[in-house]
Amino acid sequence: MRLLAPVALAAALLLTGCGTGSDPDSGAAKLSVRSAYIPQPVSDTMAAGFLTIVNEGGAKDELTSVTSTAAGSVTLHETVGSSMREVDSLDVPAHGSLEFRSGGSHLMFEQLRRKPVEGETVTVELHFAASGPLKVDIPVESAVYTPKTGH
């Protein structure tokens, strides 16, 4: 009986380590945000936002909307060729990223409640099809800011 207790404990610990919750290939998206910024807008009513959503998980997700108390609405835009268009959602691939960058996909802040200025932050909440929302504080940079990441 004394020998069975340690064997049972070791088996239980081994099985606990086989859980799928922390495994990036477990079939769930694992989302984070980096390189976020808003260039100080020249307009009192509109601004653009840029960031990268990283998915280290084994399942894709979709960014379906963005909300912020700083604007009446925040819409998703993609650029195809030289044309910009509003879209309802954008994919965040498994083991990949969704990049919003100058000249490409971006967030459009419309009906600004007040013009954000360099040094401030604008809080947004990113909403996804499968994952819970992500709250992000986006710094406002100079109008001519170029991030080190190149986007």
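Two strands count as paired if DSSP finds at least two bridges between them. In this predicted model, β4 and strand β5 (residues 83–87) meet that condition, pairing in the antiparallel sense over 5 bridges.

## Overall make-up

The protein contains 1 helix and 10 strands. Read from the N terminus, the order of elements is α-β-β-β-β-β-β-β-β-β-β. Of the 151 residues, 32% are buried. Among contacts with a separation of 6 or more, 71% are between residues 24 or more positions apart. The exposed surface comes to about 8900 Å², and carbon and sulfur atoms supply 54% of that area.

β4 and β5 make up a hairpin, with 2 residues between the strands. G81 sits in the turn and has a positive phi of about 65 degrees.

A70 is located in the loop between β3 (61–67) and β4. With a relative accessibility of 23%, A70 is partly exposed, because the buried class requires a value under 20%. Leaving out residues up to four places away in sequence, A70 touches Q111, L112, R113, R114 and V122. The C-alpha atom of A70 is separated by 9.9 Å from that of T121, a residue 51 positions away along the chain.

S35 has a positive phi, near 55 degrees. This residue is found in strand β1 and is partly exposed, at a relative accessible area of 25%. Q111 has a positive phi of about 55 degrees although it is not a glycine.

## Aromatic pairs

How many aromatic pairs does a search of the whole structure find? The search finds 2. A pair of aromatic rings is described by the distance of the centres and the angle of the planes. The table gives both values for each pair.

| Ring pair | Distance of centres | Angle of planes | Arrangement |
|---|---|---|---|
| Y37 and F50 | 5.2 Å | 35 degrees | tilted |
| Y37 and Y145 | 4.9 Å | 70 degrees | edge-to-face |

Y37 is buried, at a relative accessible area of 3%. F50 is buried as well, at 7% relative accessibility.

For Y37 and Y145, the planes are at 70 degrees, so the pair is edge-to-face. Y145 lies in the segment after β10, while Y37 is in strand β1, so the pair ties together parts that are 108 residues apart in sequence. Y145 counts as partly exposed, with 33% relative accessibility. Through these ring pairs, Y37, F50 and Y145 are linked into a cluster.

Where does S131 lie? S131 is in the loop between β9 (121–128) and β10 (134–141). Its side chain makes a polar contact with the side chain of D61, at 2.6 Å. When neighbours within four places in sequence are set aside, the residues in contact with S131 are A29, L31 and D61. Among them, D61 is the partner in the polar contact.

Technical notes: Residues numbered from 1 in each chain as written. Predicted model: local features only at pLDDT ≥ 70, side-chain atom pairs only at ≥ 80, totals over all residues. Heavy atoms only, no water. Helix = DSSP H or I, 4+ residues; strand = E, 2+ residues; numbered from the N terminus. Buried < 20%, exposed > 50% of the residue type's maximum accessible area, 1.4 Å probe, protein only. Contact = heavy atoms within 4.5 Å. Areas by Shrake-Rupley, 256 points an atom, 1.4 Å probe, with all protein chains shown as cover. Polar contact = N/O pair within 3.5 Å; in protein donor to acceptor, adjacent residues only side chain to side chain. Phe/Tyr/Trp six-rings, centres within 6.5 Å; stacked < 30°, edge-to-face > 60°.
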